[in-house]
Amino acid sequence: MKVTLNLPNGPLTLEVPDAGAGKGTIKGGHPLYYVAKQPRATENYLTQINSLLEDLPKGLDVFELCGGIGLVPAAVWDTIMPSSWTSVDIDPDCRKNYIAHGPHFVLGDMYEVRNFPKADLVICDFPNNTLPKMWREPKRAELFRKIATMKPRWWEVTDVGYYWIHLANHWPIYQEKFGVQVTRQNYANLFDCFMRDNYGYKVTKMTVGGGAQYFLMEAV
Ligand SMILES: C[S@@+](CC[C@H](N)C(=O)[O-])C[C@H]1O[C@@H](n2cnc3c(N)ncnc32)[C@H](O)[C@@H]1O
C-alpha cells in the first residue's frame, strides 16, 4: 500500500509492504507498522522533530541511532541540509525498506557498534527511552556515556516518559532519584538536571507530540 505523509517540507509518499500490516518483525513500534496504522501520529512525530531541529546550522555531520526506515532524514533533510548522515538500525526490514536517499545505513546493534562516526549532532530516536532507563539499564547508561565521550555539540533524544508519568507506580522511582513528585510539567526539568549532572549536556529545546517528547541538548 502507498501512504502519503504531509510533512513540513512537503508530502512524502512511501510504499509500505503488505507485511506492514503486522507480520514478521513489522509490528508494534516498527516504523512501517506505525506509518501504515497511524499515519497522522507519524506526521505529528516527524513534524515535532523537524521543529526541534529547525534552528540548527546547516551542514552538520549527523549520526542517528535507531534510524529505522529513514523517516527522520527524509523529513528534516531540507531543513538542516546536513553534510553527512549515518544511521544505524538493527532491523534488516528497515534496510530493505529504507526511504531516505542521503544517509549511509549501517545494519547493526547500536550497543555493539564499535566505532561511532564523528558527529556534530547525534539523534537517538529510541523506541522506548524513559529517564529511569537511563540509570536503571546499564547498557543504556553505557551507550549514553559513549555518546557523551564523542562530544557532539548537539544531541537529540526521543523519550516516552512524559506519556507514562501519570501512573502512580512510576512516581517512587523519580521520588527516590530526584526527591520530588514527577509531573508532566517538571519532567523536562528532571531530564535536564540528569543530563547536566551525568553527561554535561543541557536541554535547549523540547517538543512533544505523536507519542513522544523530543529533547534537543547542547554540550554545556
Ligand atoms: C521508533 S523507531 C525509529 C524509527 C526511525 N526514526 C525511522 O525513521 O524509521 C525505533 C527503531 O529502533 C530500532 N532499534 C531497536 N533496538 C535497536 C538496537 N539495539 N540497535 C539499533 N536499532 C535498534 C528498531 O529496529 C526501530 O527501527
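## Terms and source

A residue counts as near a molecule or strand if its C-beta atom, placed from the backbone, lies within 6 Å of it. This is a predicted model, in which local features need pLDDT of at least 70 and side-chain atom pairs count only at pLDDT 80 or more, while totals for chains, interfaces and linings use all residues. Residues are numbered from 1 along each chain as its sequence is written.

## Around the ligand

The ligand is surrounded by 19 residues, and Pro31, Cys66, Gly68, Leu71 and Asp91 are the closest. By class, eleven residues of this shell are nonpolar, four are polar and four are charged. Here Ala, Val, Leu, Ile, Met, Phe, Trp, Tyr, Cys and Pro count as nonpolar, Asp, Glu, Lys and Arg as charged, and the others, Gly among them, as polar.

At least two residues of the shell come from each of helix H3 (71–80) and strand S4 (84–89). Helices (H or I, at least four residues) and strands (E, at least two) are DSSP runs, numbered from the N terminus.

## The whole chain

The protein chain has eight helices and nine strands. Its radius of gyration, taken over C-alpha atoms, is 17 Å, close to the 17 Å from the globule rule (2.2 Å times the number of residues to the power 0.38) for 220 residues, so the chain is as compact as a globular protein of that length. Along the principal axes, the C-alpha trace spans about 50 × 35 × 30 Å.

Of the 220 residues, 38% count as buried. A residue is buried if 20 or more other C-beta atoms, placed from the backbone, lie within 10 Å of its own.

## Helix H3

The buried residues of H3 are Leu71, Val72, Pro73, Ala74, Ala75, Val76 and Ile80. Seven of the ten residues of H3 are buried, so the helix is largely enclosed by the rest of the structure. After H3 comes methionine 81, with a positive phi near 40 degrees.

## Helix H8

Which residues of H8 are buried? They are Tyr187, Phe191 and Met195. These residues cover an arc of only 70 degrees around the axis (taken from the directions from the helix axis to the C-beta atoms), which puts them on the same side of H8. An α-helix has 3.6 residues a turn, so residues three or four places apart point the same way.

Strand S7 (154–159), strand S8 (201–209) and strand S9 (212–219) are among what covers the buried residues of H8. H8 is followed by glycine 200, whose phi is positive, near 75 degrees.

Methods: Buried ≥ 20, exposed ≤ 12 C-beta atoms within 10 Å, placed from the backbone. Contact = placed C-beta atoms within 7 Å.
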